[in-house]
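Here's a short walk through one model, from how the chains meet down to single side chains. Have the viewer open as you read.

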Amino acid sequence: MEEKLSFEYAPAPESRALVTIKAKYGHFIGGKFVAGSKHFPTINPATEEVLSQIALAGKAEVDGAVKAARKAYSTVWSKMSGKERGKYLFRIARIMQERAREFAVLESLDNGKPIRESRDVDVPLAAAHFFYHAGWADKLEYAGLGTTPKAHGVAGQIIPWNFPLLMLAWKVAPALAAGNTVVLKPAETTSLTALLFAEVCQQAELPAGVVNIITGDGSTGALIVNHPGIDKIAFTGSTEVGKIIARAVAPTHKSVTLELGGKAANIVFDDAAIDEAVEGIVNGIFFNQGHVCCAGSRLILQESVADEVLEKLKARMAKIRVGDPMDKNTDLGAINSKEQLLKIRELCASGDSEGGERWSAPCDLPAKGFWFAPTIFTGVTQAHRIAREEIFGPVLSVLTFRTPQEAIDKANNTPFGLSAGIWSEKGSKVLWASQQLRAGVIWANTFNKFDPTSPFGGYKESGWGREGGRHGLSAYLKGVSHE
Amino acid sequence: MSNRIDVKKTYKLFINGAFPRTESGRTYEVKNAKGLFIANPCLASRKDLKDAVVAARAAQLGWSKATAYNKGQILYRIAEMLEGRRAQFVDEIVSVTGVTKAKAEKEVTASVDRLVWYAGWTDKISSLSGALNPVAGPYYNFTIPESMGVIAAVAPESPSLLGLIDVIAPIIVGGNTVVVLASTKAPLSAMSFAEVIATSDVPAGVINILTGKKDEIAPWMASHMDIDGLDISGLGSKRHAEIRSAGTENLKRIYSFKSADPGRILAFMENKTVWHPIGL
């Protein structure tokens, strides 16, 4: 009925002429690109087109990168004043801004996320992270860790595929500002923007070895984690892998930060501004195809407004434009990999078999590539796997509550504690709920907002430490009383 | 001396504000520096630890909600009660460890003063670590430290009273509740300290004290899924790797400290960041 009222959008594709993708890439070690030995393909998940061949780093490459990072740390970076280090970070921020469009196009091609998001969120925030941390480099004595905080040395950093460039920025910017050198491994399926970032380091004339980028899969990551020449490990990814890393470094003196999974509750109280809440729910779970550790994947609705919210939510979901990530109109892009698509399908199948009621937005999915329609499950209980396990896809589980305390109890009934959302127009209730929720980031009457000045990170099994702000910087400094 | 027979104290555990014996029925012998028998404290079991964690979990929400002013006054009250019983603590430390009276007095004085120092932190720690974050958009955004939950701790062997206070105080200042294992060789001052706590308006379950073997109890603490953090300052460094490894099952925050400072309070607090739009 209302179908007729919706706008028709003509395709508005972003040009990919802006980027040059090499047929084959090596590693960036000691300021130079060095050829890899083995390679694996990286594909565009929206088309399954092979974009390039990515090198798989083994022991020799990891050793080489750690050696280069150590040399740069002891001969150059640790001796340089914070003022000068900061200038390099400012340069990097500026070059990223200059080449923003190129980064955005490359990110969308390699990751499958809509160009609107890579252009408006990932890339500008990545540049902002460098700009913010640049200013810290000569002010470390004011970071709250005493008058002489020290860098750890060489940081090994392993990042996920959901926000490839942004996660690189979250890791590299504070590490360099604090005076560490880094060995960074992008995710197996999304290495291209990290390799473009290596070019930015060259253009910024960053001293050789301060940033080393080696590509590979989990085996490369394990080599980094277990390398005796690394002083600090920073990982963003699944809780499962995070625990393996925590165990691996337990007997060592390596410092660790972990930014892991989540199953965020998004609570809508009966006094919420419903239309705004619906937008927030959509942003909470369908932003970046739901490939977000802090995604609001559990919608917790007050019973008295549940029907109204669900009706409006379904109507809104039916208007989500799913398809070509390079189209500037697209809201929901491709699932990043076949493997991830299978995981989403498997967990949804459990939702069906455990008694949840599935509803997917009517939309035409492209024939090639990896796609999943925006989906909600109603009638979900706290025992269902889709209410407990991180789905990392565009799938929302809906639960209901009667009293505010019940909402809090349900929200906190998870081993995760990364983020949570609150929708209510009553200030005292918002503040009450934000106190009760056991999560590191609370979005009240908003969702999925990020900023370099704003600490991000989880309680409980969502990880160790924070990223962003003074709290995030401290993860890259020694000076606190605990070991 | 007179012919009067001393009334000796039975040393028990301190769980949920009460003084139960260990459910295991196990005890061990504590001797003084000259090798003479002093007491049979409890050899706490895994079940005692579980009971203590249940009590600590039940008390945690209430303690974290208590105002900073209230928490500060309660910590100060502990110092007042300890001050009033200085002589008893000095005697116990002398009898168990064989140190001079002057040295024992010094430890008790430092313990009282340390409690007073921590009492003053309850209403200042968030201004030290909190932040108003100037995000690039129309949002009010702040970060505050809040309690982590239930924290377990292994107190150092010595000094048995000051060491115990050094692990307990920073944990509860942050709004956490604690299950602490006292010095194995010198547990008497810990159990007498429980009597001080019991008369200091500390809500039941906020502080729970066990006596027993570190090698038994520390791994149980590390693997317990309802303990959020663990202070292993009192555990020999050779065992740290094993304990850290066991703690990864629920990604427990595990730390060891060398000094008393605000970082010790913040280590067992979580930073929460809250966003809210600004607008009409």
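What follows covers ground rules, the interface, salt bridges and a few individual residues.

## Ground rules

This is a predicted model, where local features need pLDDT of at least 70, side-chain atom pairs count only at pLDDT 80 or more, and totals for chains, interfaces and linings use all residues. Residues are numbered from 1 along each chain as its sequence is written, chains are lettered from A and ligands numbered from 1 in the order in which they are written, and side-chain values use heavy atoms, with hydrogens and water left out.

## Where A meets B

Let's start with the interface: 40 residues of chain A are in contact with 44 residues of chain B (contact means heavy atoms within 4.5 Å). About 3400 Å² is buried between the two chains, with carbon and sulfur atoms giving 50% of that; buried area here is the accessible area (1.4 Å probe) that two parts lose on being put together, summed over both.

On the polar side, there are 28 residue pairs in polar contact between chain A and chain B, both residues at pLDDT 80 or more. A polar contact is a pair of N or O atoms within 3.5 Å; within protein, one must be able to donate a hydrogen and the other to accept it, and residues adjacent in sequence count only if both atoms are side-chain atoms. On chain A, helix H8 (239-249), helix H14 (427-436), strand S17 (441-444), strand S18 (463-464) and helix H15 (469-473) each supply at least two residues of the side touching chain B. Helices (H or I, at least four residues) and strands (E, at least two) are DSSP runs, numbered from the N terminus.

## Salt bridges

Over all chains, the count comes to 44 salt bridges, using a side-chain nitrogen of Lys or Arg within 4 Å of a carboxyl oxygen of Asp or Glu as the rule. Three salt bridges run between chain A and chain B; B:Glu146 and A:Arg438 meet in a salt bridge at 3.3 Å, N to O.

Within chain A, A:Asp63 pairs with A:Lys59 at 3.1 Å, N to O. These two are about one helical turn apart, because they sit four residues from each other in helix H1 (residues 59-77). A:Lys59 is exposed at 56% relative accessible area, while A:Asp63 is partly exposed at 25%. The cut-offs are under 20% for buried, over 50% for exposed and partly exposed in between (1.4 Å probe, protein chains only). In chain B, the side chains of B:Asp51 and B:Lys47 meet at 2.9 Å, N to O, and they too are four residues apart in a helix, H1 (residues 46-65) of chain B.

What does A:Leu195 touch beyond its neighbours within four places in sequence? Its contacts are A:Tyr25, A:Gly26, A:Phe33, A:Ile54, A:Ile213 and A:Thr215. A:Leu195 lies in helix H6 (residues 192-203) of chain A and is buried, at 1% relative accessibility.

A:Lys429, in helix H14 of chain A, also counts as buried, at 17%. Its side chain makes a polar contact of 3.1 Å with that of A:Asp271. Not counting residues up to four places away in sequence, A:Lys429 touches A:Phe269, A:Asp270, A:Asp271 and A:Ser424.
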